[in-house]
Amino acid sequence: MSVKLSHRYRNQATYLMQTVVTIAIAVFCLTPMFYILSTSLKPRGAEYMIPLELWPSKPTLQAYRAVLGIVEEAELESETKGSMVLPADQARIVKSLNFITPLRNSLIVSTSVAALSLLISSLSAYAIARLRFKYKIQSLIFLQLGAMIPIAVTIAPTFMLMRSLGLLRTLLAMIIPNIFYNVPMSTWLIACYFAELPFDLEDAAKMDGYKPIQIFRKVIIPLAAPGLFSAGVFAFLGSWGEFMLASAVSMGIPAVQTVPAAMLNFSVQFRYEWTWISAAIILSVALVAFMTLVFQRWVIRGLTAGAVKY
Amino acid sequence: MPRQHKFSLAGAIMKIRLREPTIAFLFLLPAFIGVIVFYYYQIVQTGIYSLHNLQHTADWQTQPFVWFKNYATVFRSTYFWQSLRFTVYFTVMATALELAVGLGMAMATFWVSRWLGGILRAIIVMPWVIPPIINAMIWRWLFHADVGLFGYILVSLGLADKPPLFLTEPVLAVHSVIFADVWKNSSIMAIFLLGGLAAIPADIYDAAKVDGARSWFRFRKVTLPMLLPTILVALLFRGIDALRTFDLIYGLTGGGPGTVTETLSSFAYKYYFTYGKFGLGSAYAIVVFAIIVGLAVIYLSRIRRNLRFKE
């Protein structure tokens, strides 16, 4: 009896410990974003008030409206009352923010990069994981070694290359290099996934009279969908956050800036408007965070499959 | 009447019988071309730039060839040695701490009950999702000198009289940058290690348990050795990434105070786009590359060992 009881207590103690550990990790991982969210919901200027409020007593979407360039007359009147700024000037500033453009640009860039790098790297991954040819390891290492080269090394000639192609200040100048920034990693992730499919698949398909391209398209690709998917998310995230190239080739033109480049500009231009900056941060992260959360299982599985293979 | 042959390109291509190596070559071609154009060719170009006295908008052909003068300038400048020291310190500290935190998080996720583990997984990936430059913004606000959350917490706990100058006092700035990096990248470390943990066969644990091994002993003698290959690869992966850190520095401290937190990459970028000295910046970049190649070779020889692709 007493043994059983102590066992139950021990179980409860373990459960308590587990909950405490989970909460501790959650606090570590989520506090910064939580505080940014809370700042973004404060009225303009309230972010500097001491004592700091962990959560605004009167949450408002004012900052989001400002960042997205949606503004109402009455709001401007009250905001500019007693200050030197005229409502019209304030309206012009707010209208010029318009964070929708970088969000749209980033969406275009990241989607194209994810799709095209997936196409290219699924081909190369198929060759590496499932076809017989000489110099296989060397090919893989050739691709991987490329990916080790820092962008700081390649940025100057890439900038020159884009200039001579006349692509500066266009989204293409970000899309094309970013595709290949992601190809080596995607190839690796997908190849690891392909390698796990049984090798008789091809033989069976060949018996049924499939041609190599058909085997690739109709047999292998559908079976490896989760691996492809996680590689796609990886490429999407990578190009969503890519900053050095984006800020170099967009050359400060708001119309072609992606989120990271616009974000930096924004934070320089409005360095004291932390409710606005916070709102912009939340807007930049919301989509990718949501995407990762929804597909979290696949993403982690794809990533760990690659890691275990090492 | 003779049968009409309608020519179709797709049909013709499908009819060609290709040998497997040829197919492999064709499949690899797009990736190879891209990687050559955007990585290898660029390195050669950067190498050429680094031998010229190249200014921002000029073509390198028209600029004076200066042999290794740019490298001499680089190696003679105290800024270079300082930023090299910082880059190495940053890399070592950040990677080590990320390993510790990531391992802790991975072990915890593995240890807690099933549904808590599911929640933890979702929470742990979150910092990884945040782009580096956005991460820099976040910490600029949390480390704010007057109203930053961190300073505020320290003051309200009575640990400091006034908020510390996280980003403007040299020693503090260095460690604030490291902290911001650790916060974001412990996640990816944990994800990698989770994969490694999941690959350890369960019966090894059970055997150890039956033998009456204590949990610390089990961790040291069973988990850690089995996890070692994954740890090594994760360390190299992160180390290579940390050596070329740029975004975080650029957004968080801008290399300041002074040039205390300037990494080699951020210096190269500054030479390029702030001072317009492409030649000198290229010399910096080549030095970064040389350092990274060393690590990359170890890393690649490491992953090569376990490749189990169809030969």
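## A residue at the meeting of two chains

Let's start with A:A152, which touches A:M244 in its own chain and, from chain B, B:R244, B:F246, B:S265, B:A268, B:Y269, B:A285 and B:V288, leaving aside residues up to four places away in sequence. Touching, or contact, here requires the C-beta atoms of two residues, placed from the backbone, to lie within 7 Å.

A word on conventions: residues are numbered from 1 along each chain as its sequence is written, and chains are lettered from A and ligands numbered from 1 in the order in which they are written. The model is predicted, so local features need pLDDT of at least 70 and side-chain atom pairs count only at pLDDT 80 or more, while totals for chains, interfaces and linings use all residues.

## The nonpolar core

A:A152 is also among the residues with the most contacts inside the largest nonpolar core, alongside A:Y126, A:F194, B:L193, B:A268, B:Y284 and B:V288. This core has 166 residues. A nonpolar core is a set of buried Ala, Val, Leu, Ile, Met, Phe, Trp, Tyr and Cys residues joined through C-beta atoms within 7 Å. Buried stands for 20 or more other C-beta atoms within 10 Å of a residue's own, exposed for 12 or fewer, and partly exposed for values in between, with C-beta atoms placed from the backbone.

Helix α8 (residues 172-196) of chain A gives the most to this core, with 15 residues. Helices (H or I, at least four residues) and strands (E, at least two) are DSSP runs, numbered from the N terminus.

## Where the chains meet

The contact between the chains takes 87 residues from chain A and 85 residues from chain B. On the chain A side, α1(A) gives the most, with 12 residues. That side divides into 62 nonpolar, 18 polar and 7 charged residues. In this count, Ala, Val, Leu, Ile, Met, Phe, Trp, Tyr, Cys and Pro are nonpolar, Asp, Glu, Lys and Arg are charged, and the others, Gly among them, are polar.

Between them, 12 residues of domain 1 are in contact with 10 residues of domain 2. On the domain 1 side, α1 (2-40) and α2 (62-67) each supply at least two residues. By class, that side has 7 nonpolar, 2 polar and 3 charged residues.

Two loop residues of chain A, neither of them glycine, have a positive phi. A:Y135, with phi near 55 degrees, lies in the loop between α5 (100-130) and α6 (136-148). A:Y135 counts as exposed because 12 other C-beta atoms lie within 10 Å. A:R169, with phi near 65 degrees, sits in the loop between α7 (151-164) and α8. A:R169 has 16 other C-beta atoms within 10 Å and is therefore partly exposed.

## Chain B: helices throughout the pattern

Chain B has 13 helices and 0 strands. Of its 311 residues, 42% count as buried. Among the contacts in chain B with a separation of 6 or more, 65% come from residues 24 or more positions apart.

The domain assignment of chain B gives domain 1 (20-49) and domain 2 (78-305). Their centres, taken over C-alpha atoms, are separated by 30 Å. The contact takes 4 residues from domain 1 and 6 residues from domain 2. The domain 1 side of chain B has 2 nonpolar, 2 polar and no charged residues.

Technical notes: Domains from an automatic or database assignment.
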